[in-house]
Every structure is written in structure tokens, then in C-alpha cells.
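Hi,

Here is the structure I promised to send over.

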Amino acid sequence: MTEPTLALLLVLLPFAGALVAAALPVAARGAAAWLAGGTMLAGLGLLGAMLPGVMAGEPARAVVPWVPSLGLDLSLRIDGFSWLFATLVLGIGLLVAVYARYYMDRADPVPRLYALLLAFTGAMLGVLTAGNVLILVVFWELTSLASFLLIGYWHGSPAARDGARVSLIVTAGGGLCLLLAMLLLGHIAGSHDLDRILASGPAIRAHPLYGPALTLFLIGAFTKSAQVPFHFWLPNAMAAPTPVSAFLHSATMVKAGVYLLVRFSPALGETQAWFFLVTGTGMATLVLGSLIALFRHDLKGLLAYSTISHLGLITALAGIGSDGAILAAIFHICNHAVFKASLFMAAGIIDHETGTRDMRRLSGLMRLMPVTGTLAIVAAAAMAGVPLLNGFISKEMFFAEAVDWHNGTWLDDSLPYFATLAGVLSVAYSLRFIVSVFFGPPAQDLPRQPHEPVRWMRRPVELLVLLCLVVGVLPGATLGPALNMAARAVLGPETPYYSIAVWHGWNAPLAMSLLAMALGTLLFFAFARPIAAGPEGPPLLHRIQARRVFDRLLLGLAWDGPRAARALLSSSRLQPQLVLIVLLAIVAMAPILWAAARVAAPADPARVNAGFALMWTAGGACAVGAALLAKYHRFAALVLLGGTGLVTCLTFAWFSAPDLAVTQLLVEVVTTVLLLLGLRWLPRRLAEIPGDRLRAARVRRARDLVIAVAFGSGLAATSFLVMTRPPGGPTVGDWFLRNAYEEGGGTNVVNVILVDFRAFDTFGEITVLAIVGLSVFALLRRFRPAAESADRPAEQLAPTARPLADTMLVPSVIMRWMFPVTIVFAAYLFLRGHDLPGGGFAAGVTLAIAFLLQYLGHDVRWVEGRLTVLPVRWMGAGLLIAGGTGVGSWLFGYPFLTAHAQYVTLPLIGQVPAATALIFDFGVFALVLGATLLMLVAIAHQSLRAGRARPRDGEAPPPPGGT
Amino acid sequence: MEAVLSAAIGLLAASGVWLLLRPRSFQVIVGLCLLSYAVNLFIFSMGGLSVGAPAIMPRGGFVNPDAYADPVPQALVLTAIVIGFATTALFLVVMIASRGLTGTDHVDGRERSP
């Protein structure tokens, strides 16, 4: 296999595994575990295959073009650092997969857990291997999303939901900041390629946007890595199942932030701002985290705060940024992952076997679980930095950097003191973990009788602890080459080789370590009792909870603030909202008018045609009349509205738009019928509306009249200005006119635009039409008309009324005879559409009118006894045909909805256009027909249902809810 | 001609907006219809007015774009007419349903408190 394939497989494999795992049955615990473990193993194998190239300093790359015009490619690059990190992720992932198989309860849906774990692994590998910073952000947000689902795995528990939500808000919010930072960096470097950005360090640091970019970048990294003041999401995330915590909070999720810091330190670092922000935050987190950890009573809470403090240590190293510091940071990333994963697993075993994680209740477990106890003690010693264990070496390197590296600032001078203080605290909390859980008198009131766990639940812990020991004794021989490879990938190929050794002689770091151990032991034994008896947090400090501040902020931003803003700016009433919208439109129109008025007018506007002016005198009168009568005389208003529509239609015909005229005329017919049918359900307004003549109502009408006149005159002025100015150069329309016949195979350009050039728009539009049709149908199914209009209309109830069939006799015969004629007319409109005015829209509406006339001429039962109309099927078929035509072009290797046109010669008939656009147009036709009919028939059916709802003569009323 | 059409657009828009701000739902429907006529004519007129020059091409050969009406606004308006019909239908049904549910044809579903 080639390198690009390997790299792509590495990232895609976990996602594929996640899909398969999600499809497994709920009870398939073993299969899901095998699948997850197998996927992780396969990933490790892929990494192994890549190693020779990566060792030689040649990153493995893969590029799949995605949106090349935006410079956005799915580009992967795996260098030494990514390789080491990915190995860590997959290795710990494999152990977690084994561990979770035995940890999870029989009642839990285990395949879901594995599916999410695999998806998370894929996202994490994506972050590590992304070669394009935008892709990196995409994967970054995917890790937030996957961890949200993982933390909320037991979604029945409020704590889990809460923790998941907080972590999502904090980390995904940070991700947005990171996106902005990456866009800024891409802007500065001129490319979103990771290599280009890393190589343009000097340009970035000199750029005026360096400050904002750095701030946003750091917010992204700090939220993910739980740095102060964003650390509060991590302890809340402990509501997750322990395998998830072991994975997320040792090797992956939180490490993504420090990965980013280390990765970008050569490009963004080496400035005073970077040092103060990154090292300052890191040191604050280190000290605060270890202090709070000492006071937690919950095992996982202690480990969570310890994780925070170790992340602070790595952050501080990244802030220092010297070659040694970067190497130490990478080393500590690995070491922390190994010992923290084993500790989380050990805590999980204790929880699993005893039923509690409260250190005040646990005691003397060494006697009952000696093997687990020994393992936990070694791992905790590594966490405390005891010599001959891996944690000791990287911590020594940190102390050495704190002492030896200088830039002459106060923060630099104080680094050794803070580092020692954190060391003291970490020794103390590690001791607390060991002593209170494993030593002392046997615990009395545990929920379960503890014993050693099943063998395979312990195996992962054993392996990890063995690693702690081996790396701790032989650091140079085991991890040395890999660490140097990773450091070179970050810092550049000319970085010297660092040999890592356990013994450096008697020097300051060793003295600091010994001092920390002595003081830490003293501290713990002096205060063990008051700490266990005290509240869950350091004295005084536990009152200030970042979480509470966050909750209050969230409440203000997401609830109180919007409510206050709504009360201030909005109204639940429709009219004020509409007034605001119209006023906004007027305000937006003003500057356009102002600018347009200054373009010089051409000399001669066209002469006014008297007929046209007369036509619009009538049209305008109709419009004003409709406006005046719509309140008390709805029917008259409807007739006048139709008059305006007809004049509009004539205007289209006048100014060379036959297609528009045809469509407008047909739609006008349908709209009028529709509104007429609707009027049936609005009771006649007999009395005047109370308060209509009061002063308040008059004032409102006068105000609205002013607004309306302002809007109308503004629009009139705008259209006059635009119409009398010459167009600025050739328009898009010119291109369509030139190419309609050659490329679209039709002579009617408007139709060719609709079904060929812009067919995608039309496709979207008919989809909207289908949705509206279905909504109307669904609304009317549940609709109950107003009580007073449920009865027959007054005209039909009058004693002089004649039966409907008599009244409608002549029209209904004509309408029946016109039915076939209208069908032929619709076919004619459809077939000529590509070359002459007509087309699918017009034909569809025409055929709908043909059906509609039958409904008007007879009653619904008569029509439906003789005609079967299935509007929903017409709509579905239309959408499928239109979509299918689009998909069909894929078969020939063209993009969606590419049309093909040619003329075929049929015997007798001659040349006939045979464009695929015609098939698409047929889809449009079918859908328009179906949707129009569906709406009209649904309204027409209301009278049937109302008829059923009222009791027949001489019958008892139907039981309630019976219809 | 331009002046007449502009005045017509303005008149339709003014009537439409006035009705849009009225409290009865039928008034609002009629207002939206009038406003959509105005807007359709406005968009249509953006391509310039030409008489007797529909955008029907000869089959092949040289095409002089200046001799034909601009097809783009026409295509846009054609879509707008159909969508306008659909929204009118939807609004009408909502109006009928709300009349049945609330017992009033006020747009807010309840009469304005005096």
C-alpha cells in the first residue's frame, strides 16, 4: 500500500468501525469489543508500516481535493510528533477497549459505547494528522461532539447530562475561537496549509493581527486542555463511565489542547506575550489543580484535578518553548497518559468492586485486593514523581527547564518556587490516594464485598504499570529515539539529539524533587485528618467555584438576557413587528435612492402609450379599492384583486414576457378560486367591529397610511431611477441569450434557464412547492372550522333556494365538455415550452384548472365517483422524475442536473426536440399539478367534512370526537 | 412608459403595505398579494422595458442580445409567481385554521384589548 492510502485508512478506519459498531445489536458486547480492539490494532499496524518513512524525516501525506477553490483539501500529514501521539492514542485506546468489556454492566448498551469510542478515536487521529488547519478545526469540533456523547453516555443521570453539556459548551465554544484563529493565521500566512503556517513564524509574529490570533488560538487550546479558568468542565465530565474517563482524560481529548500548543509553539511562540500567557496560565493551573486535588474526597475527582495540574505542567513547558522544554513536554504527554490511564482504570476497579469512590469510606483495601493495590501504588508513585518511574524523569526535565532557562522576567524567576510547590502538593495528593484507600483498618460499611477483579480487567493496568517501570528505568533506550523524532518534527531537522538519562548527578532539579517528596509527605501526614473531615475543596477557595460563575453567565446569556431583550425590542403582536420590518426596508432603501439619483439620466425616456396609461389607471383603482374594501367587503376586494392581477398580466405581455403573462394568468385563476374557497370559512361580517371609529384606531390608520405612502413612493422612485438608467455593461442575460440554443437546445430562453441552466434552483423551488402542498394538506386534516360557518351558507338554507345541481346546470355541462379540451391545451403548453412560451409550470397549472373546473361544476362526491385524482402520487412522481433526471447525469460522468439536448426525427411528425430537460420539465409539470390539486382539493373537502360533522335531519348528533 | 409603470408599482406597493399593517387576516392576505404584484413588476422592470422583443431565439446563427428582452428577470419572476401562489395558499389555510381555533380573524388570535 502507498503512503497516502495508509494515512487515509488510519483516519477513516475508526469511523468505519464506529458505523459498524453502531449497527450491532445491543447485547453484542463481545463482538463490539473485538471490533473496537481490532480497529485499534489495525491502526497501530498502519502506523508501524509508516514508521520507516517518518523516521527518515519524511512525513506521510495524503491529499484529497474537497473545495479546491477555497483552498480546502482533506489533507493529512503524519510526521514524527503526530506518529508518536497517534500511537499513544491507539495504544491506550486498545487497552481501554479491553478494560471496558469487563467494566461495563450487562444492562448498558455496550455497542453504543464502542461506536462512540471509535468515532472519538477517528476524530482525535484527524486532529493529530490534519495537514490543513481548517480540517484540523473540523476534527477538533468532532472530538468535542464525540466526547459530549461519551460523557453523557448514561444519559439517564442528570449529572452525566449536565457534565456533557458543560463540556460541550466550553470545548466547542473554544473550538469556534480556534476556527477564527486559524482563519486569521491562514490570512496572515496566505494559505491554510499547516506546513506553510508553521514555516511563516516570523511573518505571523510581526503581523498586526498577531495579538487577536494568539488570544483566540490560546482560548481554543486552553478550553480543550482544561486550563484555568476553563478547567471546571473536566471534573464535571467525571460522570462518564470510567473507561471513557481513562481514555478522554489521559491520552486524548484534553491532550489535543497541549498537542496544539506544542505544535504551534515554533510559529506563534518565542514572544513575551506567548511566554506570559502560556507559561503563566500553565503554572497557575499546575498549582491550583494540585492544591484542589489534595482536598477532593472522590477518587475520580482527585484524579481529574491531578490531570488538570499535569496539563498545566505541559502547558508551562510549551510556553517556555526551548528545545529541551518541548522535548520534556512531549515526554510528559506520554508519561502522563500512561500513568493516568492506569490510575483511572484502577479507580474504576475499586469503584466496580466496592461500589463507592469516596475516599472517606474506603480503607484497608490492600488486604482484599493486593495485586490491584500494588499496581495503583506504583502508578500513583509515578504521578508523584518518585525516582525510577517514568513520571520522575519528565518532571525532573521540567524542574531543570524551570531552573536553567531564563528570559529575565519575574515569572521566569519565580518558576522554580512554583514548580517545587506543585511538586509538594502532588506528592501529598498521591499519598492521600494510596494511604486512605489501601491502608488503615478494613472498611466496614462498603456497598459490596470487595475482591480482586477478573483477570482481563486488570491486564491493561498491569501493562501500563509495567510501561511506567520500564520507561522509568531505561528512558533513553525505550522512548528516547521516538521522543527525539517527535521533537525534531516540531522544532526542525537540525535539532540536536537529546539523550535522556535517569541520573544527572547531584543538581538543583534532584534537590527540588527530594525537597518536594519530603515536604509533601510531611504535609499529608500533618493534615490528613482535617482534610478528610473538611469540605470538598481547599479552605476558602472552595467557595469560589468557576462552575457557578459559568452557570450564572450561561443563565444570563441564554435565558435572562434574551428575555430582557425580547421584552425591550420585540412584541408578541404581529402588527408592530410588521411595522418594524417595513420601516427597516424604507431605511435600507434611502441610501440606494440617494446613490442612484446621482447617476446621470439618459436623454429620452420612451413615449407614454395612452392605452397603457389607461390600463394602469384601472389597475391602480382596483388596487386602492381592494385595500379599502378588504375589511368589510371581502368578496368585492377579491374581485378587485383579480382586476389588478389581470392588469399585471397584460403588462407582462406588453413588455415582451409571454411566459410570465401565461403563468400569471393561470396562477391568477387558481389563486382566486383558492381565496373564494377560503372565504366560505370566514363568517360574513355583519356588524361593525367595535372601536373601529375611535380616535386610537384613526390614529393607527393615519400612521400606517404615512408608512405605506412612504414605502410606495420610495419603491416607485427606485424603479423609475433604475429603469431610466442604462445598464452598466453586458448583463448575465446576454450570455443566456447567446447560448440558450447551442447549449440548452431550446429557443425559449426563459424556459431554457428554468429547466437547464438554473435547473437546480427550479428543483429547489418545486421541492418548496411540494412541502407547502403537504403542509396545507396536513393542516386541513386536523382543522375544525369556526362553529358559525360549519352550517350550510344562508343562501342554500333560504326557502326559495333551488338545489345546487339546478343552479349550476349550464355551467357544469360546459365545464364537463371543456375538460378534454383543457387537457389537450395543457399538453400543447407543455410540449412547446422549450421553444415557445409555455412549459411545465404553465401546463401543470392548466391541468389543475381542468380538474378544478370539474369540482366547481359538480359537487365533490360526483367528481370523485368518476375521477380518481391522486395528487400526492403526482407530487412524489414529479419530484422523483426531476431528481432522477439530475442523478442520471452522474451516469455519464457529468455534475448533477447536466442536461443533454438534441432533435430526433420521427416518422410523419418530423423533427422533435428530445432534450433531457424535457424530462425534468415533466417532473416540474407533475409536481405543480399535484401540489396545486392537493391544496385546492383539501380545501374543497372541508365542506364534506363539515357536512358530516353536522347532524343529518332527524338524527341524533354524533358522539364527541366521532368524526 | 417608465413613469407610468413606476407609479403603478408604487401604488400597488403602497396599497399592499397599508393592508399588511391592518389587523384582519384577510386584509393581510390581500395585502401580500398586492405587494407580490408590485415586487414581481419591480424585479421584472429591472431588466429594462422592451416592446415586441420576447426572448425567443432563432435556431443557430449570430444572436444580438440587445435585440431581445432580458430573460433573467423573467425567469426569476416566473419562479416568484409560483412560489407566491404557494405561500398565499399556506397563509390562507393558516388563516382558516386560526379562525376556527380562536374564534376571531384578528392576526394575533385575539381582539385588541381596549
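Let me start with the charged residues: A:Arg61, A:Arg77, A:Asp79, A:Asp195 and A:Arg263 are linked in a network of salt bridges. By salt bridge I mean a side-chain nitrogen of Lys or Arg within 4 Å of a carboxyl oxygen of Asp or Glu. Over all chains, the structure holds 18 of them.

Some housekeeping before the rest: this is a predicted model, so local features need pLDDT of at least 70 and side-chain atom pairs count only at pLDDT 80 or more, while totals for chains, interfaces and linings use all residues. Residues are numbered from 1 along each chain as its sequence is written, chains are lettered from A and ligands numbered from 1 in the order in which they are written, and side-chain values use heavy atoms, with hydrogens and water left out.

On the overall layout, chain A is assigned domain 1 (3-539), domain 2 (544-570) and domain 3 (747-950); these bounds come from an automatic or database domain assignment. The C-alpha centres of domain 1 and domain 3 of chain A are 62 Å apart.

Now the interface. In chain A, 104 residues are in contact with 82 residues of chain B, where contact means heavy atoms within 4.5 Å. The two chains bury about 8,600 Å² between them, 77% of it on carbon and sulfur atoms. Buried area here is the accessible area (1.4 Å probe) that two parts lose on being put together, summed over both. A:Phe655, A:Met723 and A:Leu737 supply 8% of the area that chain A buries against chain B, more than any other three residues.

There are three salt bridges between chain A and chain B. In one between these chains, A:Asp704 pairs with B:Arg22, with the closest N and O atoms 2.2 Å apart. Helix H28 (residues 695-724) of chain A gives the largest share of the side that touches chain B, 17 residues; helices are DSSP runs (H or I, at least four residues), numbered from the N terminus. A:Asp704 also meets A:Arg703 in a salt bridge (3.0 Å, N to O). Is A:Asp704 buried or exposed? At 1% relative accessibility, A:Asp704 counts as buried, whereas A:Arg703 is partly exposed at 41%. The cut-offs are under 20% relative accessible area for buried, over 50% for exposed and partly exposed in between (1.4 Å probe, protein chains only).

Leaving aside neighbours within four places in sequence, A:Thr932 is in contact with A:Val670, A:Ala848 and B:Phe85.

Back within chain A, A:Arg205 and A:Glu270 form a salt bridge (4.0 Å, N to O). That pair links distant parts of the chain, 65 residues apart: A:Arg205 is in helix H8 (residues 201-206), and A:Glu270 is in the loop between helix H12 (253-268) and helix H13 (272-294). A:Arg205 is partly exposed at 23%, while A:Glu270 is exposed at 65%.

Last one: A:Pro4, in helix H1 (residues 3-23) of chain A, is partly exposed at 36% relative accessible area. A:Pro4 and A:Val63 are 59 residues apart in sequence and 7.4 Å apart in space, C-alpha to C-alpha.

Cheers

Definitions and conventions
Helix = DSSP H or I, 4+ residues; strand = E, 2+ residues; numbered from the N terminus.
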